[in-house]
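Please keep the viewer open as you read.

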Amino acid sequence: MSGTPKTALTIAGSDSGGGAGIQADLRTFFACGVHGMTAITAVTVQNSLGVQGFTEIPPDVVTAQIRAVAEDMGVDAAKTGMLATAQIIEAVAETLDEVHIGRSFDVPFVVDPVAASMTGDPLLRDEALEAIRTQLFPRATLVTPNLDEVRLLTGVEVTDRESQRRAADALLALGPQWALVKGGHLYTDPECVDLLSDGVQHIELPGPRYDTKHTHGGGDTLASAITASLAQDLGVPDAVAEGKRFIERSVADAYPLGAGVGPVSPFW
Ligand code: PLP
């Protein structure tokens, strides 16, 4: 490539297995043609069988990473993944205001409200959900919860298209500009239909459901691909459509690795 690429920042946790978290975010940023930067919030110990534990990074070290890259290199779009604790979330929110990242500064900010791994292991301390609702959602350009996260954050149980729309409304009431309610975990639906809404537009994004259990890192990969498109000046509906194309190919080519759940694929 010639010239300076756009930049994207991920504020998230490390996955020692390389399938999700910071590792998924960085390779997605690379594949989508933006320069990736990181503020690491936690170090997880995990493999294909699950998360054995994690240690969080002190909040002042998380925010120092954000400040260091924002003040020198500039951030065209940012996303959050695993944030681990309420203290980290509060410190991140304050720092984003300081460096002018978020919907009110016209620098796109995607919140993927990671609560647990698909193996069911918690990645967020219980008291931190309220901090996600009150500190991050009002600053977000877009939030991208899966159905478990929707239930934890809003109490809405999504079972069909109608409840998916109610979930979008409940998420938007918490303050983000757009909500993407992902339908991938609605296993009764033969398709994966995601719903994107800003309260005015309700855009259904249908896609195929692939017959694979190897989807580790899928949520992170989708949110990162959307963030990369936002960094390259696409509007939210186009960025989400691009992200959906990216994750479909990544899931179609996902591979087994280890005895448990393998990662979505960056090789295509
Ligand atoms: N580990 C880290 C650090 C993550 O950020 C995530 C997801 O966001 C996971 C694990 C879980 O990924 P999955 O639910 O795809 O297994």
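Predicted model: local features only at pLDDT ≥ 70, side-chain atom pairs only at ≥ 80, totals over all residues.

## Around the ligand

Sorted by class, the shell around the ligand holds six nonpolar, nine polar and two charged residues. The ligand is surrounded by 17 residues, and the closest are Gly13, Ala20, Gly21, Ser117 and Met118. Two elements give two or more residues to this shell: strand E1 (7-15) and helix H7 (218-231).

## The chain as a whole

Stepping back, the protein chain contains eight helices and nine strands. Its radius of gyration is 17 Å, close to the 18 Å that the globule rule gives for 268 residues, so the chain is as compact as a globular protein of that length. Along the principal axes, the C-alpha atoms fill a box of roughly 45 × 45 × 45 Å.

Of the 268 residues, 51% are buried. Among contacts between residues at least 6 apart in sequence, 67% join residues at least 24 apart.

## The annotated span

An unreviewed UniProt entry lists residues 15-264 as "domain: Pyridoxamine kinase/Phosphomethylpyrimidine kinase". In the model, the end C-alpha atoms of residues 15-264 lie 14 Å apart. That span is 39% helix and 17% strand.

## Helix H3 and what follows

Helix H3 covers residues 86-98, which makes 13 residues. From its first C-alpha to its last, H3 reaches 19 Å, close to the 18 Å expected at 1.5 Å a residue. Which residues of H3 are buried? They are Ala86, Ile88, Ile89, Ala91, Val92, Ala93, Thr95 and Leu96. As background for reading such a list, an α-helix has 3.6 residues a turn, so residues three or four places apart point the same way.

After H3 comes His100, with a positive phi near 65°. This residue is not a glycine, and it sits in the loop between H3 and strand E5 (109-111). Is His100 buried or exposed? It counts as exposed, because it has 12 C-beta neighbours inside 10 Å, and a residue with 12 or fewer is placed in that class.

Asp233 lies in the loop between H7 and helix H8 (236-252). H7 is one of the elements that give two or more residues to the ligand shell. With 12 C-beta neighbours inside 10 Å, Asp233 counts as exposed.

Where is Leu186 found? It belongs to the loop between strand E7 (178-181) and strand E8 (194-197). Leaving aside residues up to four places away in sequence, Leu186 touches Leu147 and Val158. Val158 is 28 residues from Leu186 along the chain, and their C-alpha atoms are separated by 7.9 Å.

Arg166 has its place in helix H6 (residues 161-172). How does its burial come out? Arg166 has 15 C-beta neighbours inside 10 Å, so it counts as partly exposed. The C-alpha atoms of Arg166 and Thr154 are separated by 9.9 Å, with the two residues twelve apart along the chain.

Definitions and conventions
Residues numbered from 1 in each chain as written. Helix = DSSP H or I, 4+ residues; strand = E, 2+ residues; numbered from the N terminus. Expected span 1.5 Å × (residues − 1). Buried ≥ 20, exposed ≤ 12 C-beta atoms within 10 Å, placed from the backbone. Rg over C-alpha atoms; globule rule 2.2 N^0.38 Å. Contact = placed C-beta atoms within 7 Å. Near = placed C-beta within 6 Å. Nonpolar A, V, L, I, M, F, W, Y, C, P; charged D, E, K, R; others polar. UniProt positions renumbered as here; feature names shortened; annotations may be inferred.
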